[in-house]
Amino acid sequence: MEKAQLVIVDGQGMDINAVSGLTLGDIRNQKISAHQTEKMKIDSACAELAYLCAFQSAFKEDGRNLYSYGENNKPYFKCEKYGFLSLAHASGAGACMIAPIRCGVDIEDQSRDVSRIEKKIRFENFPEEENALALWCVKESFVKLTGEGLSRPFSSLLLKNNSIFDENGNRLAWAKNGRIGRFLWAASSGKKLEISVKVLKVEEAIRALK
């Protein structure tokens, strides 16, 4: 089974100045500068730190400026030898998954309440065992895999037996999810992956990159 790296950087309580002296990627610096709120800046910075730590863990190299964004704002490596990546952020944290095949990742704070939109999350014609937030996390990882984003209704996707299916019963992707620290995480890909998952505080991520 092929292996993937998933790193989550928890920036809860972080001051954006904590990363102001770091050399992040050029694209990420542009994104951080463009964000209007400190929360969005922190989320974005954490996503980049997660990417840099995941890349270093996977390849023992500096990963700065090695990816860009393509259609539907989906990140991709400029050099194919590194495989594929997916980025996510939520609630003062960022995540990056690096895999040898196309992948999608999402994270959510376990305290998030999605009860108001539960009907839009659950599959219309078949009961799903997972709670609504776990379903959201898995299905968002899938639409990040495909690049569709939130334009695809989650109620048209069925999570069953660690796979995503469409309304006609066609298997679309393999899916895996779990809990670590305060987070739910989920990943989708074309076939099963062995996923190494770890959470780092911002200070730990910064030390790991020095």
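Me: Where do Asp43 and Lys39 sit?
Reply: Both are in helix α2 (residues 38-59), four residues apart, which is about one turn of the helix. This is a predicted model.

Me: What do their side chains do?
Reply: The side chains of Lys39 and Asp43 form a salt bridge, 3.0 Å from N to O.

Me: What does Lys191 pair with?
Reply: Lys191 forms a salt bridge with Glu2, with the closest N and O atoms 3.1 Å apart. Lys191 is in the loop between β10 (183-189) and β11 (194-201) and Glu2 is in the segment before β1, so the pair ties together parts 189 residues apart in sequence. Lys191 is partly exposed at 44% relative accessible area, and Glu2 is partly exposed at 31%.

Me: And Asp109, what is its partner?
Reply: Asp109 forms a salt bridge with Arg182, closest N and O atoms 2.5 Å apart. Asp109 is in strand β6 (residues 103-109) and Arg182 in the loop between β9 (171-180) and β10, 73 residues apart. Both residues are buried.

Me: Which residues are in that network?
Reply: Asp10, Asp109, Arg182 and Lys201, joined by salt bridges that share partners.

Me: Switching to Asp10. Where is it found?
Reply: Asp10 is in strand β1 (residues 3-10), and it counts as buried at 6% relative accessibility.

Me: What does its side chain reach?
Reply: The side chain of Asp10 reaches the backbone nitrogen of Gln12 at 3.0 Å. It also makes a polar contact with the side chain of Arg182, at 2.7 Å.

Key. Residues numbered from 1 in each chain as written. Predicted model: local features only at pLDDT ≥ 70, side-chain atom pairs only at ≥ 80, totals over all residues. Heavy atoms only, no water. Helix = DSSP H or I, 4+ residues; strand = E, 2+ residues; numbered from the N terminus. Buried < 20%, exposed > 50% of the residue type's maximum accessible area, 1.4 Å probe, protein only. Polar contact = N/O pair within 3.5 Å; in protein donor to acceptor, adjacent residues only side chain to side chain. Salt bridge = Lys/Arg side-chain N within 4 Å of Asp/Glu carboxyl O.
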